[in-house]
Amino acid sequence: MIEVESLTKRYGRVTAVDGLSFQVDGGRVTGFLGPNGAGKSTTMRMILGLDHPTAGTARIGGRAYRELRHPLREVGALLDARAVHGGRTARDHLLCLARSNGIPASRVGEVLGIVGLSDVAGRRVGGFSLGMAQRLGIAAALLGDPGILLFDEPVNGLDPEGILWIRTLMRDLAAEGRTVFVSSHLMSEMAQTADHLIVIGRGRLVADTGVDVFIARSSRRYVRVRAPRLADLAALLKTTGEVEDHGDHLRVTGMPAAEVGEAAAGAGLTLHELATVEPTLEAAYMELTKGTGETREIGEYVS
Ligand SMILES: Nc1ncnc2c1ncn2[C@@H]1O[C@H](COP(=O)(O)OP(=O)(O)OP(=O)(O)O)[C@@H](O)[C@H]1O
């Protein structure tokens, strides 16, 4: 289990992580979602003791990372797949890690097999493709057979086969009861991999929820309606449906478009737009995190 409490990190005037609290449980894949620059990597680095929090705490199985006796046996992480000495072979890189962490050398062959790198174990890492480097990073994370795993954007730069492989691996690791915490800026990716979601924006918690709940809530269709007398229309529709005022338009749930049109006509109110909107998961995520990252985009699918 990973526990983060009131975690804060400031770099000069930039607050990368701002009073963040959440818990990551074992036996499921927890997605850590947020736009670029939201603070995901910084949070992971603090959990792993690579960055010092300005305030708050991060614990792994009840203890701070620096208090772990055999860190690699308790927690494995893939942060930056390219941060490996390029002159070494894949096997030597892992042997070196195993030796310095009291892990038997025989485990190196095992993890090379798990990640599908046995055939290239004797090749220098410098010549590896990004996909191979990601696999090697995952082999290193698995070396100590840890119960807790952190992956920072593991599918970045991978081909479809590599993406499928990583997804399956993460799900298998969680099914074995491990805690799997994986960051991404892509909602669609997390929808296919994670069971639970922790969403952050500008270093703050935006949502902590099951993927099923998020999908059910986010894919709720609504009617988008524009009218010159918007306030009058809102008052009228509120008697039957749920109405959200978005300034230049209303979002109505609980009433189909035809019913909205009939009600408006019955009250003599002119409509300028009447459309049923099926929000995509990606759009719901953008809406949730809008203005909380370095980028901002909103997309909707109008039927
Ligand atoms: N060493 C640092 N010095 C100064 N600012 C930093 C440092 N590391 C991160 N930041 C800033 O902190 C904020 C959060 O960055 P972080 O890398 O944690 O975000 P992220 O959610 O992982 O995004 P990405 O997916 O783009 O890596 C950003 O504004 C970033 O510029």
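Start at the ligand and select its shell: by class, the residues there are four nonpolar, seven polar and one charged. Here Ala, Val, Leu, Ile, Met, Phe, Trp, Tyr, Cys and Pro count as nonpolar, Asp, Glu, Lys and Arg as charged, and the others, Gly among them, as polar. This is a predicted model, in which local features need pLDDT of at least 70, side-chain atom pairs count only at pLDDT 80 or more, and totals for chains, interfaces and linings use all residues. Residues are numbered from 1 along each chain as its sequence is written.

To pick the shell by hand, select Y11, V14, A16, G34, N36, G37, A38, G39, K40, S41, T42 and H185; a residue is near the ligand if its C-beta atom, placed from the backbone, lies within 6 Å of it. Strand 2 (14-24) and helix 1 (40-47) each give two or more residues to this shell, and helix 1 has the largest share, with three. Helices (H or I, at least four residues) and strands (E, at least two) are DSSP runs, numbered from the N terminus.

Next, colour domain 1 (2-209) and domain 2 (217-302) separately; these bounds come from an automatic or database domain assignment. Their centres, taken over C-alpha atoms, are 40 Å apart.

Now zoom in on where the domains meet: 14 residues of domain 1 are in contact with nine of domain 2, contact being C-beta atoms, placed from the backbone, within 7 Å. On the domain 1 side, look for helix 7 (187-193), strand 8 (196-201) and strand 9 (204-210), which give two or more residues each. Helix 7 supplies the largest share, three residues.

Note on methods. Contact = placed C-beta atoms within 7 Å.
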